[in-house]
Amino acid sequence: MTCMKAYSILPSSHKGRLLARIELERSKVLSRLIKTIQAVLAVVLLAAGCIFLSPSELTNMKDPFEHLTALMLGMLSVSIVQELTRGFLMRIISGIKPTLRFSGAYLHAGCEAYFPRRGEQILNLFPLLFSTVVLLILFFSVQDISWKWMVWIVFTVNICFGVGYGYASMRFAQMPEDILVMNLGPTYLVYSAQAEKE
């Protein structure tokens, strides 16, 4: 099995051998855990912003409407950009057209292909890395402190949105190397030849 090859049909060695089902949103316990980590991260990142950026600049904006409009658009765009990037990668790796649908309040990309562990890790982590790099470049290129704050808040939302995918990646890293993952948005079906047959 090549480390990046995705399958349109589950191989016979994995058929009926479901190792794990990860529900990022439907599992109440996991959903609460992710939301708790997101809240803690948001507080830590905003506190870090207060250390490097003057909080008073948030009340000294020359054009508050323009700033807040850009902030709202930026926060809404974070999840959309990440999921469009994820869908694009799904298509590149598998050759199968992904689906984009809203699950809860967020857009999610899903694909009815089976991705090996390395391919799935790329799908989980690259979109977050890409959006993080873009926002950091924007943050360091903006001179006005009030606009830096807008970018930093969007950056915080960006990092928090990636918590669920980070959790899934940690779980996959602990699983056998032969796993194949069907990524259906916030739901992961993980198959392994080492799992017991259903």
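The crossing of α2 and α4 is right-handed, and that's where I'd like to start, everyone. Bear in mind that we're looking at a predicted model. The axes of these two helices, α2 and α4, cross at roughly 25° and come within 9 Å. Angles under 35 degrees count as roughly parallel, so α2 is roughly parallel to α4.

Who makes that contact? From α4, which covers residues 145-161, you have S146, W147, M150, I153, V154, V157, N158 and F161. On the α2 side, the contact is made by E66, H67, A70, L71, G74, M75, V78, S79, Q82 and E83. Sort the residues of this contact by class and you get 10 nonpolar, 6 polar and 2 charged.

Let's stay with α2 for a moment. Helix α2 runs over residues 64-94, which is 31 residues. From its first C-alpha to its last, α2 reaches 45 Å, close to the 45 Å expected at 1.5 Å a residue. Where does α2 bend? If you've got the viewer open, click on S77: α2 bends there by about 30°. Then go to the end of the helix. Just after α2 comes G95, with a positive phi of about 80°.

Now for the other helix pair, α1 and α5. Helix α1 takes in residues 28-52 and helix α5 residues 163-173. Their axes come within 9 Å and cross at roughly 120°, which means α1 is oblique to α5. The handedness here is right-handed. For the contact itself, α5 supplies V163, G164 and Y167, while α1 supplies L30, I34, I37, Q38 and L41. By class, the contact of α1 with α5 has 6 nonpolar and 2 polar residues, with no charged ones.

Let me zoom out before I hand over. How many helices and strands does the protein have? The secondary structure comes to 5 helices and 5 strands. Follow the chain along the sequence and the pattern reads β-α-α-β-β-α-α-α-β-β. As for overall dimensions, the C-alpha trace spans about 65 × 35 × 25 Å along its principal axes.

So, to recap the two helix pairs: α2 with α4 is roughly parallel, α1 with α5 is oblique, and the crossing is right-handed for α2 and α4 as well as for α1 and α5.

Conventions:
Residues numbered from 1 in each chain as written. Predicted model: local features only at pLDDT ≥ 70, side-chain atom pairs only at ≥ 80, totals over all residues. Heavy atoms only, no water. Helix = DSSP H or I, 4+ residues; strand = E, 2+ residues; numbered from the N terminus. Expected span 1.5 Å × (residues − 1). Bend = angle between axes of the 7 residues up to and from the residue. Axes fitted to C-alpha atoms, helices over the stretch in contact; angles between N-to-C directions. Parallel < 35°, antiparallel > 145°, perpendicular 65-115°, else oblique. Left-handed = near helix turned anticlockwise from the far one by under 90°. Contact = heavy atoms within 4.5 Å. Nonpolar A, V, L, I, M, F, W, Y, C, P; charged D, E, K, R; others polar.
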